[in-house]
Amino acid sequence: MSTFHVISGSNCAGKTTYMKSVAIITILAHMGCYVPAVAAFLPLRDRICTRFGTSDDMEENASTFKVEMTETAFILEKATKASLVLVDELGRGTASDEGCALAWSISENLIAKGIYTCFATHFRQLNELANVYINCKCYHLAASFSETNVRYFHTLNDGACPEYPKYGIQAAKMCGLPMQIIRDAEEIYDRLKSNQHSIKTSTSVSVGRVESRLLHHLLALIHAGLDKKGTSLSRVWSRHNVEYLQPFVSNSSP
């Protein structure tokens, strides 16, 4: 039987709501109440450990990430095989690569201990855990996307979530962000996906003219003999490593 469940899905698909429902149903069953199901098998739990939300703690001088890690550390220390652990988007309080690495490592710890866990995430890499551990399984909340509409089915399905393009931007559009911001975000997304290393700022000022003037002034300083070792220009050149200017400098040398 699988004990670790990776739950993926687009924004607003219902991942957090699903896990909160699992917690409420578990509590109702332990109280002897009816649960909203045709049939249900719910083992006895010694505790329910949750990691939800992204809020800091001003009284404790704790950032959002510190709160996230502190609560996770408590879960790893206190949870047992009889516990129910619910984790929502762990690792989003820091850089994406480090957050994913932490989420993967923490997931492996919970898997090794055999603790029953629902782990909601946007890190697609975590779906690979199901290919490594036999007690890990992937689910996703279904949705349908088009260029003009998003439809959420709020149903739990087997397997990892399909890679919907720009689903976060689509969800932001539904929340009422200005269309200019949405269009700019889509353009930047396309540039990032095409592995471009630089993103030009969207502005009313002509970026090409600014770059041309900057290049002109730099070349003028070089030809004026201010590029000797130790000058401020050389230090700036070295610090920022503006390699894209080298061909222009070489071609303009006397």
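Which parts of the chain do the buried residues of α4 pack against?

1. **Before you start.** This is a predicted model, where local features need pLDDT of at least 70, side-chain atom pairs count only at pLDDT 80 or more, and totals for chains, interfaces and linings use all residues. Residues are numbered from 1 along each chain as its sequence is written, and side-chain values use heavy atoms, with hydrogens and water left out.

2. **The overall layout.** You'll find 8 helices and 6 strands in the chain; helices (H or I, at least four residues) and strands (E, at least two) are DSSP runs, numbered from the N terminus. Going along the sequence, the order is β-α-β-α-β-α-β-β-β-α-α-α-α-α. Of the 254 residues, 30% are buried (under 20% relative accessible area, with exposed meaning over 50% and partly exposed in between, using a 1.4 Å probe and protein chains only). Take the contacts (heavy atoms within 4.5 Å) between residues at least 6 apart in sequence: 60% of them join residues at least 24 apart.

3. **Helix α4.** Back to the opening question: the buried residues of α4 pack against β5 (136-145), β6 (150-158) and α5. Those buried in α4 are Ile169, Gln170 and Ala171. Just past the end of α4, have a look at Gly176, which takes a positive phi of about 100°.

4. **α4 against α5.** Helix α4 (residues 167-174) and helix α5 (residues 179-193) have axes that come within 10 Å and cross at roughly 180°. That makes α4 roughly antiparallel to α5. Axes here are lines fitted to C-alpha atoms, for helices over the stretch in contact, and angles run from 0 to 180 degrees between N-to-C directions; under 35 degrees counts as roughly parallel, over 145 as roughly antiparallel, 65 to 115 as roughly perpendicular and the rest as oblique. On the α4 side Ile169, Ala172 and Lys173 take part, meeting Met179, Ile182, Ala185, Glu186 and Tyr189 of α5. By class, this contact has 6 nonpolar, no polar and 2 charged residues (Ala, Val, Leu, Ile, Met, Phe, Trp, Tyr, Cys and Pro count as nonpolar, Asp, Glu, Lys and Arg as charged, and the others, Gly among them, as polar).

5. **Rings.** How many aromatic pairs are there? The count comes to 1, where rings of Phe, Tyr and Trp (its six-membered ring) pair if their centres lie within 6.5 Å, and planes under 30 degrees apart count as stacked, over 60 as edge-to-face and the rest as tilted. Phe4 and Phe119 have ring centres 5.7 Å apart and planes at 35°, so the pair is tilted. The partners sit 115 residues apart, Phe4 in strand β1 (residues 4-9) and Phe119 in strand β4 (residues 116-120). Phe4 is buried at 0% relative accessible area, and Phe119 is buried at 0% too.

6. Thr3 is in the segment before β1 and counts as buried at 12% relative accessibility. Leaving out residues up to four places away in sequence, Thr3 touches Gly114, Ile115, Tyr116, Thr117 and Asn135. Asn127 belongs to the loop between β4 and β5 and is buried at 10%. Beyond its neighbours within four places, Asn127 is in contact with Val6, Ser8, Cys138 and Ala160.
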